[in-house]
Amino acid sequence: MPILTPVHPDLDALSWAAEHRETVGELLTAGGALVLRGFPVAGQAAFEQLALALSASGAVAYRENATPRSHVAGNTYTSTDYPADRTIYAHNENSHTLSWPGKLFFYCDTPAKSGGETPVTDCRAVFRRIPGHIRDRFLEEGWLYRRSFSPRLGIGWRQAFGVETPQEARAYAAESWMEPEFDGDQLVVRYRRWAALDHPTTGDPVWFNHGTFFNQGSLEPELKQFAAALGVGKLPYNTFYGNGDPVPDEVIEVLRAAYDAATATFPWQRGDILMIDNMLVAHGRRPYTGDRRVLVTMTEQMAAEASDLPGAVAVRTSPQAGPPTALPVV
(Lines give C-alpha, C1' and ligand atoms only; values in the text may rest on other atoms or scores of the structure.)
Protein backbone atom coordinates (compact mmCIF):
# COMPACT_ATOMS: atom_id res chain seq x y z
CA MET A 1 0.00 0.00 0.00
CA PRO A 2 1.55 3.35 -0.96
CA ILE A 3 2.45 5.60 1.98
CA LEU A 4 2.96 9.28 1.14
CA THR A 5 5.05 11.40 3.52
CA PRO A 6 5.87 15.11 3.23
CA VAL A 7 9.42 16.15 2.47
CA HIS A 8 9.09 19.43 4.37
CA PRO A 9 7.78 19.37 7.97
CA ASP A 10 6.21 22.83 7.55
CA LEU A 11 4.12 21.76 4.55
CA ASP A 12 0.78 23.53 4.10
CA ALA A 13 -1.41 20.42 3.77
CA LEU A 14 -4.39 22.19 2.20
CA SER A 15 -2.30 23.98 -0.43
CA TRP A 16 -0.53 20.72 -1.21
CA ALA A 17 -3.87 18.93 -1.58
CA ALA A 18 -5.24 21.58 -3.91
CA GLU A 19 -2.14 21.43 -6.08
CA HIS A 20 -1.80 17.64 -6.21
CA ARG A 21 -5.41 16.38 -6.03
CA GLU A 22 -5.35 14.91 -9.53
CA THR A 23 -2.00 13.16 -8.98
CA VAL A 24 -3.16 11.72 -5.67
CA GLY A 25 -6.36 10.62 -7.39
CA GLU A 26 -4.36 8.77 -10.05
CA LEU A 27 -2.37 6.96 -7.36
CA LEU A 28 -5.59 6.07 -5.57
CA THR A 29 -7.17 4.69 -8.73
CA ALA A 30 -4.08 2.60 -9.47
CA GLY A 31 -3.99 0.89 -6.09
CA GLY A 32 -7.40 1.55 -4.55
CA ALA A 33 -5.97 2.83 -1.26
CA LEU A 34 -3.07 4.89 0.07
CA VAL A 35 -1.86 6.33 3.37
CA LEU A 36 -0.86 9.92 4.14
CA ARG A 37 1.61 9.80 7.03
CA GLY A 38 3.32 12.66 8.82
CA PHE A 39 1.15 15.40 7.33
CA PRO A 40 0.51 18.40 9.64
CA VAL A 41 -3.18 17.63 10.17
CA ALA A 42 -4.33 17.88 13.78
CA GLY A 43 -7.90 17.14 14.77
CA GLN A 44 -11.26 16.64 13.12
CA ALA A 45 -11.66 20.01 11.41
CA ALA A 46 -8.26 19.95 9.70
CA PHE A 47 -8.81 16.32 8.67
CA GLU A 48 -12.19 17.05 7.10
CA GLN A 49 -10.82 20.07 5.24
CA LEU A 50 -8.05 17.93 3.78
CA ALA A 51 -10.50 15.20 2.76
CA LEU A 52 -12.66 17.73 0.92
CA ALA A 53 -9.61 19.31 -0.72
CA LEU A 54 -8.59 15.91 -2.10
CA SER A 55 -12.07 15.20 -3.47
CA ALA A 56 -13.72 16.18 -6.73
CA SER A 57 -17.07 16.78 -4.99
CA GLY A 58 -18.39 17.30 -1.48
CA ALA A 59 -19.23 15.26 1.58
CA VAL A 60 -21.65 12.32 1.46
CA ALA A 61 -24.03 11.38 4.26
CA TYR A 62 -24.52 7.88 5.62
CA ARG A 63 -27.51 5.97 4.24
CA GLU A 64 -29.47 3.07 5.65
CA ASN A 65 -27.29 2.52 8.71
CA ALA A 66 -26.64 -1.11 9.54
CA THR A 67 -24.24 -0.50 12.44
CA PRO A 68 -23.98 2.26 15.04
CA ARG A 69 -21.58 5.18 14.74
CA SER A 70 -21.31 8.57 16.42
CA HIS A 71 -21.37 12.00 14.81
CA VAL A 72 -18.25 13.97 15.74
CA ALA A 73 -18.68 17.32 13.94
CA GLY A 74 -19.38 18.62 10.47
CA ASN A 75 -19.30 15.66 8.06
CA THR A 76 -17.07 13.51 10.28
CA TYR A 77 -18.13 10.42 12.23
CA THR A 78 -16.47 7.78 14.31
CA SER A 79 -15.83 4.58 12.44
CA THR A 80 -18.30 1.85 13.41
CA ASP A 81 -18.95 1.66 17.16
CA TYR A 82 -18.52 -2.09 17.64
CA PRO A 83 -17.07 -4.18 20.50
CA ALA A 84 -13.28 -4.13 20.52
CA ASP A 85 -12.96 -7.93 20.63
CA ARG A 86 -14.97 -8.38 17.42
CA THR A 87 -13.94 -8.34 13.76
CA ILE A 88 -15.76 -6.11 11.29
CA TYR A 89 -15.78 -8.05 8.03
CA ALA A 90 -14.72 -6.52 4.71
CA HIS A 91 -17.36 -4.38 3.02
CA ASN A 92 -17.75 -1.43 0.64
CA GLU A 93 -19.59 1.42 2.29
CA ASN A 94 -23.27 1.53 1.27
CA SER A 95 -22.75 -0.96 -1.56
CA HIS A 96 -26.27 -2.32 -0.96
CA THR A 97 -27.95 1.08 -1.36
CA LEU A 98 -28.77 3.08 -4.47
CA SER A 99 -26.08 5.68 -3.73
CA TRP A 100 -22.73 5.51 -2.02
CA PRO A 101 -19.54 7.51 -1.43
CA GLY A 102 -16.81 7.25 -4.03
CA LYS A 103 -14.05 8.05 -1.55
CA LEU A 104 -13.53 7.31 2.15
CA PHE A 105 -11.03 9.08 4.39
CA PHE A 106 -10.06 7.56 7.76
CA TYR A 107 -8.10 9.56 10.34
CA CYS A 108 -6.24 7.87 13.20
CA ASP A 109 -6.79 10.14 16.20
CA THR A 110 -5.76 7.44 18.71
CA PRO A 111 -4.14 4.15 17.63
CA ALA A 112 -5.03 1.00 19.56
CA LYS A 113 -2.59 -0.49 22.06
CA SER A 114 -2.56 -3.60 19.88
CA GLY A 115 -4.49 -4.66 16.79
CA GLY A 116 -7.23 -2.42 15.44
CA GLU A 117 -5.92 -2.36 11.89
CA THR A 118 -8.18 -1.32 9.01
CA PRO A 119 -7.53 -4.02 6.38
CA VAL A 120 -8.27 -3.16 2.77
CA THR A 121 -9.39 -5.63 0.10
CA ASP A 122 -8.86 -5.26 -3.65
CA CYS A 123 -12.33 -5.79 -5.16
CA ARG A 124 -10.93 -6.22 -8.66
CA ALA A 125 -8.91 -9.15 -7.36
CA VAL A 126 -11.93 -10.52 -5.47
CA PHE A 127 -13.92 -10.54 -8.71
CA ARG A 128 -11.15 -12.49 -10.46
CA ARG A 129 -10.63 -14.97 -7.63
CA ILE A 130 -14.24 -16.14 -7.34
CA PRO A 131 -14.68 -19.35 -9.35
CA GLY A 132 -16.67 -18.74 -12.51
CA HIS A 133 -19.54 -21.10 -11.71
CA ILE A 134 -20.16 -19.25 -8.42
CA ARG A 135 -19.59 -15.76 -9.75
CA ASP A 136 -21.80 -16.22 -12.83
CA ARG A 137 -24.90 -17.08 -10.82
CA PHE A 138 -24.56 -13.92 -8.76
CA LEU A 139 -23.90 -11.85 -11.86
CA GLU A 140 -27.07 -13.21 -13.43
CA GLU A 141 -29.38 -13.07 -10.40
CA GLY A 142 -27.78 -10.46 -8.13
CA TRP A 143 -28.20 -10.61 -4.34
CA LEU A 144 -31.53 -10.52 -2.52
CA TYR A 145 -31.29 -8.63 0.78
CA ARG A 146 -33.62 -8.99 3.75
CA ARG A 147 -33.44 -6.51 6.61
CA SER A 148 -35.59 -6.89 9.70
CA PHE A 149 -36.08 -3.92 12.02
CA SER A 150 -37.27 -4.67 15.54
CA PRO A 151 -37.51 -2.28 18.50
CA ARG A 152 -35.49 -4.76 20.55
CA LEU A 153 -32.70 -5.79 18.19
CA GLY A 154 -30.31 -3.76 16.07
CA ILE A 155 -30.96 -0.36 14.53
CA GLY A 156 -34.59 0.74 14.17
CA TRP A 157 -36.16 1.61 10.83
CA ARG A 158 -36.64 5.25 11.80
CA GLN A 159 -32.92 5.67 12.36
CA ALA A 160 -31.91 3.57 9.36
CA PHE A 161 -34.09 5.41 6.85
CA GLY A 162 -34.29 8.84 8.48
CA VAL A 163 -38.10 8.79 8.67
CA GLU A 164 -40.70 8.98 11.45
CA THR A 165 -43.90 7.32 10.26
CA PRO A 166 -44.78 4.06 8.48
CA GLN A 167 -46.11 6.11 5.56
CA GLU A 168 -42.73 7.83 5.20
CA ALA A 169 -40.99 4.47 5.44
CA ARG A 170 -43.15 3.04 2.65
CA ALA A 171 -42.41 6.08 0.49
CA TYR A 172 -38.68 5.69 1.13
CA ALA A 173 -38.92 2.00 0.25
CA ALA A 174 -40.68 2.76 -3.03
CA GLU A 175 -38.00 5.29 -4.00
CA SER A 176 -35.27 2.83 -3.02
CA TRP A 177 -36.61 -0.20 -4.95
CA MET A 178 -37.55 -2.00 -1.73
CA GLU A 179 -40.57 -4.07 -0.80
CA PRO A 180 -41.69 -3.21 2.78
CA GLU A 181 -43.84 -5.28 5.14
CA PHE A 182 -45.00 -3.93 8.52
CA ASP A 183 -46.12 -6.03 11.49
CA GLY A 184 -46.99 -3.52 14.18
CA ASP A 185 -43.84 -1.48 14.70
CA GLN A 186 -41.62 -4.11 13.12
CA LEU A 187 -40.56 -3.66 9.52
CA VAL A 188 -39.07 -6.11 7.04
CA VAL A 189 -37.71 -4.86 3.72
CA ARG A 190 -36.56 -6.98 0.79
CA TYR A 191 -34.63 -5.70 -2.18
CA ARG A 192 -32.49 -7.02 -5.01
CA ARG A 193 -29.13 -5.50 -5.85
CA TRP A 194 -26.11 -6.18 -8.06
CA ALA A 195 -23.15 -8.43 -7.28
CA ALA A 196 -20.63 -6.45 -9.33
CA LEU A 197 -20.37 -3.11 -11.10
CA ASP A 198 -17.95 -1.56 -13.56
CA HIS A 199 -15.79 1.13 -12.02
CA PRO A 200 -16.73 4.44 -13.72
CA THR A 201 -13.10 5.53 -14.20
CA THR A 202 -11.19 2.35 -14.96
CA GLY A 203 -14.03 0.28 -16.45
CA ASP A 204 -12.82 -2.71 -14.42
CA PRO A 205 -15.46 -5.05 -12.97
CA VAL A 206 -15.42 -4.90 -9.17
CA TRP A 207 -17.12 -7.19 -6.67
CA PHE A 208 -19.27 -4.52 -5.03
CA ASN A 209 -21.98 -5.69 -2.63
CA HIS A 210 -22.85 -6.42 1.01
CA GLY A 211 -23.83 -10.00 0.22
CA THR A 212 -21.05 -11.76 2.12
CA PHE A 213 -20.92 -9.17 4.91
CA PHE A 214 -24.67 -9.39 5.63
CA ASN A 215 -25.00 -13.17 5.23
CA GLN A 216 -25.65 -15.29 8.31
CA GLY A 217 -22.77 -17.53 7.23
CA SER A 218 -20.33 -14.70 8.02
CA LEU A 219 -21.39 -14.47 11.66
CA GLU A 220 -18.78 -15.36 14.26
CA PRO A 221 -19.36 -18.81 15.86
CA GLU A 222 -21.03 -17.62 19.06
CA LEU A 223 -23.25 -15.24 17.08
CA LYS A 224 -24.28 -18.12 14.83
CA GLN A 225 -25.53 -19.93 17.94
CA PHE A 226 -27.48 -16.83 18.94
CA ALA A 227 -28.94 -16.55 15.43
CA ALA A 228 -30.02 -20.19 15.48
CA ALA A 229 -31.81 -19.66 18.79
CA LEU A 230 -33.37 -16.39 17.62
CA GLY A 231 -34.55 -17.72 14.27
CA VAL A 232 -33.16 -16.78 10.88
CA GLY A 233 -36.22 -14.72 10.00
CA LYS A 234 -35.56 -12.35 12.90
CA LEU A 235 -31.94 -11.54 12.07
CA PRO A 236 -31.36 -7.81 11.48
CA TYR A 237 -30.01 -8.67 8.03
CA ASN A 238 -29.39 -11.66 5.78
CA THR A 239 -28.76 -12.27 2.08
CA PHE A 240 -29.83 -14.80 -0.53
CA TYR A 241 -29.38 -15.60 -4.19
CA GLY A 242 -31.43 -13.23 -6.31
CA ASN A 243 -34.15 -15.86 -6.77
CA GLY A 244 -34.53 -16.26 -2.98
CA ASP A 245 -32.55 -19.49 -2.57
CA PRO A 246 -30.32 -19.65 0.52
CA VAL A 247 -26.61 -19.25 -0.21
CA PRO A 248 -24.87 -22.40 1.13
CA ASP A 249 -22.24 -21.89 3.82
CA GLU A 250 -19.63 -23.47 1.55
CA VAL A 251 -20.26 -20.77 -1.08
CA ILE A 252 -19.94 -18.06 1.56
CA GLU A 253 -16.63 -19.63 2.60
CA VAL A 254 -15.40 -19.46 -1.01
CA LEU A 255 -16.36 -15.78 -1.16
CA ARG A 256 -14.68 -15.09 2.17
CA ALA A 257 -11.53 -16.83 0.97
CA ALA A 258 -11.50 -14.60 -2.13
CA TYR A 259 -11.72 -11.53 0.11
CA ASP A 260 -9.02 -12.80 2.46
CA ALA A 261 -6.60 -13.56 -0.39
CA ALA A 262 -6.97 -10.01 -1.73
CA THR A 263 -6.53 -8.23 1.62
CA ALA A 264 -3.61 -6.14 2.87
CA THR A 265 -3.14 -4.12 6.04
CA PHE A 266 -0.80 -1.74 7.84
CA PRO A 267 -0.32 -0.65 11.49
CA TRP A 268 -1.99 2.65 12.32
CA GLN A 269 0.15 5.54 13.56
CA ARG A 270 -1.31 8.62 15.21
CA GLY A 271 -2.25 11.18 12.56
CA ASP A 272 -2.34 8.70 9.67
CA ILE A 273 -4.97 9.31 6.98
CA LEU A 274 -6.13 6.33 4.93
CA MET A 275 -7.70 7.19 1.57
CA ILE A 276 -9.90 4.57 -0.08
CA ASP A 277 -11.63 4.34 -3.44
CA ASN A 278 -14.83 2.80 -2.09
CA MET A 279 -15.59 0.84 -5.27
CA LEU A 280 -12.09 -0.52 -5.85
CA VAL A 281 -11.42 -1.45 -2.25
CA ALA A 282 -13.42 -2.88 0.65
CA HIS A 283 -12.42 -2.25 4.26
CA GLY A 284 -12.93 -3.82 7.68
CA ARG A 285 -11.52 -3.72 11.21
CA ARG A 286 -9.41 -6.11 13.26
CA PRO A 287 -10.04 -6.67 17.00
CA TYR A 288 -7.98 -4.50 19.33
CA THR A 289 -6.96 -3.71 22.90
CA GLY A 290 -6.70 -0.33 24.60
CA ASP A 291 -8.24 2.89 23.36
CA ARG A 292 -8.78 3.37 19.65
CA ARG A 293 -10.35 6.34 17.88
CA VAL A 294 -10.53 6.45 14.09
CA LEU A 295 -12.66 9.08 12.35
CA VAL A 296 -14.16 8.92 8.87
CA THR A 297 -15.36 11.41 6.26
CA MET A 298 -16.99 10.30 3.01
CA THR A 299 -17.03 12.24 -0.27
CA GLU A 300 -17.89 12.08 -4.01
CA GLN A 301 -21.48 10.84 -4.30
CA MET A 302 -22.09 7.97 -6.71
CA ALA A 303 -25.45 6.49 -7.61
CA ALA A 304 -27.13 3.65 -9.42
CA GLU A 305 -28.09 4.54 -12.96
CA ALA A 306 -31.79 5.01 -12.28
CA SER A 307 -31.27 7.32 -9.31
CA ASP A 308 -31.54 11.01 -10.09
CA LEU A 309 -29.29 12.58 -7.45
CA PRO A 310 -27.85 16.02 -8.23
CA GLY A 311 -24.09 15.98 -8.57
CA ALA A 312 -23.81 12.20 -8.39
CA VAL A 313 -21.72 10.14 -10.77
CA ALA A 314 -24.12 7.61 -12.36
CA VAL A 315 -22.95 4.00 -12.46
CA ARG A 316 -24.49 1.43 -14.79
CA THR A 317 -26.28 -1.38 -12.96
CA SER A 318 -27.60 -4.78 -13.92
CA PRO A 319 -31.33 -5.40 -14.53
CA GLN A 320 -31.49 -7.12 -11.12
CA ALA A 321 -31.09 -3.74 -9.45
CA GLY A 322 -34.43 -2.41 -10.62
CA PRO A 323 -37.74 -1.89 -8.81
CA PRO A 324 -39.19 -4.93 -7.01
CA THR A 325 -41.24 -7.18 -9.26
CA ALA A 326 -42.61 -10.19 -7.39
CA LEU A 327 -39.59 -10.52 -5.12
CA PRO A 328 -39.28 -13.95 -3.49
CA VAL A 329 -40.46 -14.17 0.11
CA VAL A 330 -37.47 -14.96 2.33
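Which residue does histidine 91 stand opposite in β17? Histidine 91 stands opposite histidine 283. The points below start from the whole chain and return to that strand.

1. **Ground rules.** This is a predicted model, in which local features need pLDDT of at least 70, side-chain atom pairs count only at pLDDT 80 or more, and totals for chains, interfaces and linings use all residues. Residues are numbered from 1 along each chain as its sequence is written, and side-chain values use heavy atoms, with hydrogens and water left out.

2. **Overall make-up.** The chain has 9 helices and 20 strands. Both are DSSP runs, numbered from the N terminus: helices are H or I with at least four residues, strands are E with at least two. The radius of gyration is 19 Å, close to the 20 Å that the globule rule gives for 330 residues, so the chain is as compact as a globular protein of that length. That radius is taken over C-alpha atoms, and the rule is 2.2 Å times the number of residues to the power 0.38. Along the principal axes, the C-alpha atoms fill a box of roughly 60 × 40 × 40 Å.

3. The accessible surface of the chain is about 14,400 Å². Carbon and sulfur atoms account for 51% of it. The areas come from the Shrake-Rupley method with a 1.4 Å probe; for residues, only the protein chains shown count as cover. Of the 330 residues, 50% are buried. Buried means under 20% relative accessible area, exposed means over 50%, and partly exposed lies in between (1.4 Å probe, protein chains only).

4. **Contacts along the chain.** Take the contacts between residues at least 6 apart in sequence: 81% of them join residues at least 24 apart. A contact means heavy atoms within 4.5 Å.

5. **An open sheet.** Four strands form an open sheet in the order β10-β11-β9-β14, with antiparallel pairing. The edge strands are β10 (179-183) and β14 (237-241), and each pairs on one side only. On average, neighbouring strands of this sheet are turned by 15° against each other, direction ignored. Axes are lines fitted to C-alpha atoms, for helices over the stretch in contact; angles run from 0 to 180 degrees between N-to-C directions.

6. **Helices on the sheet.** Helix α4 (residues 132-141) packs on this sheet and touches β9 (143-149), β11 and β14. The direction of α4 makes about 100° with that of β14. Helix α6 (residues 166-175) also packs on the sheet, where α6 touches β10 and β11. The direction of α6 makes about 160° with that of β10.

7. **How the strands pair.** Two strands pair if DSSP finds at least two bridges between them. β10 and β11 (residues 186-193) pair in the antiparallel sense over 5 bridges. Within β11, valine 189 is the bridge partner of proline 180. β9 and β11 are joined over 7 antiparallel bridges. Here arginine 146 has arginine 190 of β11 as its bridge partner. β9 also pairs with β14, antiparallel, over 5 bridges. Arginine 147 stands opposite tyrosine 237 in β14.

8. **Which residues point each way from β9?** Trp143, Tyr145, Arg147 and Phe149 point one way, and Leu144, Arg146 and Ser148 the other. All are buried.

9. Strand β17 (residues 281-285) is mostly covered, with 5 of its 5 residues buried. Val281, His283 and Arg285 lie on one side, Ala282 and Gly284 on the other, and both faces are covered. Strand β5 (residues 88-91) runs antiparallel to β17, joined by 2 bridges. Strand β8 (residues 120-122) is also antiparallel to β17, joined by 3 bridges. The bridge partner of aspartate 122 in β17 is valine 281.

10. **Cysteines.** How many disulfides are there? The count is 0, taking a disulfide as a pair of cysteine sulfur atoms within 2.5 Å. Cysteine 108 is buried, at 0% relative accessibility. Cysteine 123 is buried too, with a relative accessible area of 0%.

11. **Arginine 21.** This residue lies in helix α1 (residues 13-31). Arginine 21 is partly exposed, with a relative accessible area of 30%. Leaving aside neighbours within four places in sequence, arginine 21 is in contact with Ala53, Leu54, Ser55 and Ala56. Arginine 21 and glutamate 141 are 120 residues apart in sequence and 38 Å apart in space, C-alpha to C-alpha.
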